[in-house]
Amino acid sequence: MQGKPVTADLALMRELNQALILNLVRQQGLISRAEIAERTRLSRSTVSAIVNELIAAERIYELKKGASRGGRRPILLGLNYRAQCAIGIELATTYLDLVITDLRAEIVFARRQPFDINVGPEAALATVQQAVEQALAASGIESHRVAGVGIGVPGPLAGTAARMIAPPIMPGWNGVVLKERFSAALPYPVIVDNDANLGALAEYRLGVGQGIRNMAYIYLSHTGIGAGLILNGAIYRGDIGSAGEIGHLTIAEDGPRCSCGSYGCLEAMAGVPRLLQQVAALTGAASLTLDELIARARQGDAVVAQVLAGAGHYLGIAVASLLNLCNPGLVVLGGPLAEAGDALLAAVRTTAERRALPITLQQCRIVAGALGAHAVALGAAGQIIQGVFSPAALETLVEQL
């Protein structure tokens with residue numbers, strides 16, 4: 001780090017030490033100043049100064065006195081999970097889902113509103129900006145408490161700048177650098193990621209994937225099918241950021257044309273639009289919504305069960321290929337279509353068990369997600385929370401070494 005300004009290095013070290021102490025308080029729940037100094041190997045004066053700053057900022061608080069170890073009973077410190085909040089947004093093809101969470105990722109406010117991805121990026125920026133402002137006003141949360149805004153979108157993204165890569169269902173978005181555009185529109189730190197990646201991270205941290213090192217999350221949205229892959233505890237993005245496009249695996253060479261231009265893709269065979277068309281054709285209904293399809297599935301409708309079983313079969317073929325290729329310990333079905341329940345899930349399991357190598361199934365479960373409709377938005381908020389406890393200073397330090 002030769003040649004770096006001393007003041008910059010001191011500020012960097014202070015931010016790192018602050019993050020170290022915050023994470024320790026977060027992990028321990030309650031801890032004394034003396035134990036912080038012992039565990040971090042920082043001097044007591046450094047710990048005292050940083051703790052006083054964090055108390056003044058209301059990020060930690062003095063709670064109660066702990067047990068004595070021979071002297072005065074120590075005052076224990078706890079993390080104030082409401083000191084800051086994270087905003088998570090899913091920009092889906094037909095709706096915008098927004099949650100505000102505390103630093104535990106517990107939802108304190110949620111709202112969903114209609115949205116059309118076809119309006120293009122400029123209109124989307126204005127919609128997101130307005131949605132954030134309205135959510136803060138409705139929840140009574142002051143803007144200075146917002147740690148950042150995470151946004152999930154239904155398309156592949158390249159690099160940390162989140163540049164769109166030829167998204168099949170987002171006309172007009174190709175090449176748009178989303179992080180830069182959203183950062184200019186919002187007065188908060190911003191992260192942007194693929195919706196399936198964020199759903200995967202949410203289930204990994206908060207849902208059925210806790211304790212699993214390798215898992216696949218298949219996101220069954222209103223329009224498309226994507227996958228978030230967590231390998232060795234981290235999202236796998238591929239060389240250019242397009243990993244996980246499971247919806248464009250070829251399932252039937254003579255199948256219908258897909259939005260990507262190919263034929264017989266999983267998305268074309270088992271995506272929601274296809275299923276709605278099939279149910280309408282079999283029942284003579286003029287039109288059907290996904291909510292209506294799910295309601296009929298839960299009521300045991302025979303026609304819907306038949307269509308879902310067909311979709312589950314195609315999904316099971318894709319899952320079997322995923323098991324053979326990546327060997328995850330868990331496969332999670334999430335997103336709106338996953339709400340159809342066992343009629344879909346049972347068919348996926350049956351086909352996967354018949355087609356995957358037996359050894360890949362011995363330690364793998366295929367389950368529905370636990371987080372429901374807010375999974376992607378929670379994953380987006382979770383990325384902001386991760387940033388609170390793992391600040392950019394850590395990356396800066398690595399660059400300097």
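Gln84 is a buried residue, with a relative accessible area of 18%; here buried means under 20% relative accessible area and exposed over 50%, with partly exposed in between (1.4 Å probe, protein chains only). The model is predicted, so local features need pLDDT of at least 70 and side-chain atom pairs count only at pLDDT 80 or more, while totals for chains, interfaces and linings use all residues. Residues are numbered from 1 along each chain as its sequence is written, and side-chain values use heavy atoms, with hydrogens and water left out.

**Around Gln84**
- Gln84 sits in the loop that runs between strand 3 (75-79) and strand 4 (85-91); helices (H or I, at least four residues) and strands (E, at least two) are DSSP runs, numbered from the N terminus.
- Its side chain makes a polar contact with the side chain of Arg59, at 3.3 Å. A polar contact is a pair of N or O atoms within 3.5 Å; within protein, one must be able to donate a hydrogen and the other to accept it, and residues adjacent in sequence count only if both atoms are side-chain atoms.
- Beyond its neighbours within four places in sequence, Gln84 is in contact (heavy atoms within 4.5 Å) with residues including Arg59, Asp102, Arg145 and Val388.

- Leu76 belongs to strand 3 and is buried, with a relative accessible area of 15%.
- The C-alpha atoms of Leu76 and Ser32 are 4.5 Å apart, although the two residues are 44 residues apart along the chain.
- Gly148, in strand 7 (residues 146-153), is buried at 0% relative accessibility.
- Leaving out residues up to four places away in sequence, Gly148 touches Cys85, Ala86, Ile87, Tyr188, Pro189 and Ile384.
- Gly148 and Pro187 are 39 residues apart in sequence, with 8.7 Å from C-alpha to C-alpha.

**Helix 8**
- The end C-alpha atoms of helix 8 (residues 272-283) are 16 Å apart, which agrees with the 16 Å that its 12 residues should span at 1.5 Å a residue. The expected span is 1.5 Å times one less than the number of residues.
- Val272, Leu275, Leu276, Val279 and Ala280 are buried in helix 8. They cover an arc of only 135° around the axis, so they lie on the same side of helix 8; the arc is that of the directions from the helix axis to the C-beta atoms.
- An α-helix has 3.6 residues a turn, so residues three or four places apart point the same way.
- Gln277 and Ala281 are exposed on the other side of helix 8.
- Cover for the buried residues of helix 8 includes helix 7 (266-270), helix 9 (290-298) and helix 10 (302-326).
- Gly284 follows helix 8, and its phi is positive, near 80°.

**Helix 11**
- The buried residues of helix 11 are Leu344, Leu345, Ala347, Val348, Thr351 and Ala352. They cover an arc of only 165° around the axis, which puts them on the same side of helix 11.
- Asp342, Glu353 and Arg354 are exposed on the face turned away from the buried side of helix 11.
- Among the elements covering the buried residues of helix 11 are strand 11 (215-220), helix 10 and strand 14 (330-334).

**The chain as a whole**
- The chain has 14 helices and 15 strands.
- Buried residues make up 50% of its 401 residues.
- Of the contacts in the chain with a separation of 6 or more, 61% join residues 24 or more positions apart.
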